[in-house]
Protein chains: 2
Amino acid sequence: MKALYERIMKDGRSLGNGILKMDRFLNHQIDPELMMQAAQELVSRFALNKRINKILTVEASGIAPAILVGYRMKLPVVFGKKARPSTMGDSYCAVVRSFTKQHDSTIYVSREYLGEQDHVLFIDDVLAFGEAGLGIVELCRQAGAKIEGMGFLVEKAFEHGRQALEDAGIAQIESLAVIESLDALSCW
Amino acid sequence: MKALYERIMKDGRSLGNGILKMDRFLNHQIDPELMMQAAQELVSRFALNKRINKILTVEASGIAPAILVGYRMKLPVVFGKKARPSTMGDSYCAVVRSFTKQHDSTIYVSREYLGEQDHVLFIDDVLAFGEAGLGIVELCRQAGAKIEGMGFLVEKAFEHGRQALEDAGIAQIESLAVIESLDALSCW
């Protein structure tokens, strides 16, 4: 997606060790117009799959693209929580490693909102090592839900998350901007 | 907002001790169509204030309404983070008490995305005791930013957050559904 590539070139920053900082427009400050364009593009890429009946994401930076995809597809959006509220009933949970934050976290989804009837499209801002996606695979396995596909705004191809997700059986994986290397980006 | 009141009556659950569970449509599973209607109503209530140049919220359940308000107002959205990423530069921070979760958390906003030039509209899903709003007041005080108003989908009037925010100097506070008591709601 041209506008997204251009924005990454303009406002993305390489911090070394494969870290691509995109907090000017993607995951701290958000450009809602760019985010809506990206959501529409993701919707178009999954438009032929009429089985999808639920959008799944994980907090926090997946929520903005997921809600816009859900709005355009007229489907409910469920976001996995990184802490289990005392008010949550029975839940599914999975451990997710964050390479950026260098720690594991557990994500929770209430059993009320994921089940055998669900055909899930997982949406997230960045595909890196694929760890969040693998957490979703585990949650959906517990719930008996089927994952129809996964859509990301930015894919850091050099971290090979796509292969990990394909190995886990994900049939359709879409990324709107595939970054092969951070060499061309500003380092400041 | 009629549709929101009706949804609360239909799908909200009173869990006792003032806890109103709205995770079927608001803050775990989200109904994007209802959320967009709510965002448009919030936009209309602040439409006369032409100074607003930034939408501020806090993760995680504030992000969905904030991104939709930001999209409609064509303004950048910044969300306060509950953990400080290692990649974040200098930041403002404020402690926020969560009565539901019974613990304090710290929210962080990068100095890059909040400053003296900013006229902020704070958006969140629920106004209860006003603690998140008071955290935003503190962040904006540190940044020298002006808060123009605060908009919420649901206000639990019996927890008196509005008074706390008025006492902190917030001139315009809007809530789309004001709940005076949980007595009329299902308890299950």
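**Figure 1. The largest nonpolar core of the predicted model.** This core has 114 residues. Within the core, A:Ile67 and B:Ile67 are the residues with the most contacts. In general, nonpolar side chains of soluble globular proteins tend to be buried together. Apart from its neighbours within four places in sequence, B:Ile67 is in contact with A:Ile30, A:Pro32, A:Met35, A:Ala64, A:Ile67 and A:Leu68 of chain A, and with B:Val77 of chain B.

**Figure 2. Helix H3 of chain B.** The helix covers residues 63-73, and because ten of its eleven residues are buried, the rest of the structure largely encloses the helix. The buried residues of H3(B) are B:Ile63, B:Ala64, B:Pro65, B:Ala66, B:Ile67, B:Leu68, B:Val69, B:Gly70, B:Tyr71 and B:Met73.

Figure 3. A:Val69 counts as buried because 27 other C-beta atoms lie within 10 Å, where the cut-off is 20 or more. Leaving aside neighbours within four places in sequence, A:Val69 is in contact with A:Ala39, A:Leu42, A:Val43, A:Ile55 and A:Ile123. Between A:Val69 and A:Gln37 the C-alpha to C-alpha distance is 10.0 Å, and the two are 32 residues apart in sequence.

**Figure 4. The side of chain A that touches chain B.** Contacts link 33 residues of chain A with 33 residues of chain B. On chain A, the elements giving two or more residues to this side are strand E3 (29-30), helix H2 (32-45), helix H3 (63-73) and strand E5 (77-80). H3(A) supplies the largest share, six residues. Sorted by class, this side of chain A has 18 nonpolar, eight charged and seven polar residues.

**Figure 5. Strand pairing between the chains.** E5(A) is joined by two bridges to strand E3 of chain B, residues 29-30. The two strands run antiparallel. In this pairing, A:Val78 stands opposite B:Gln29 in E3(B).

**Figure 6. Relation of the two chains.**

Terms used:
Residues are numbered from 1 along each chain as its sequence is written. Chains are lettered from A and ligands numbered from 1 in the order in which they are written. This is a predicted model: local features need pLDDT of at least 70, side-chain atom pairs count only at pLDDT 80 or more; totals for chains, interfaces and linings use all residues. Two residues are in contact if their C-beta atoms, placed from the backbone, lie within 7 Å. Helices (H or I, at least four residues) and strands (E, at least two) are DSSP runs, numbered from the N terminus. Ala, Val, Leu, Ile, Met, Phe, Trp, Tyr, Cys and Pro count as nonpolar, Asp, Glu, Lys and Arg as charged, and the others, Gly among them, as polar. Two strands pair if DSSP finds at least two bridges between them. A nonpolar core is a set of buried Ala, Val, Leu, Ile, Met, Phe, Trp, Tyr and Cys residues joined through C-beta atoms within 7 Å. A residue is buried if 20 or more other C-beta atoms lie within 10 Å of its own, exposed if 12 or fewer, and partly exposed in between; C-beta atoms are placed from the backbone.
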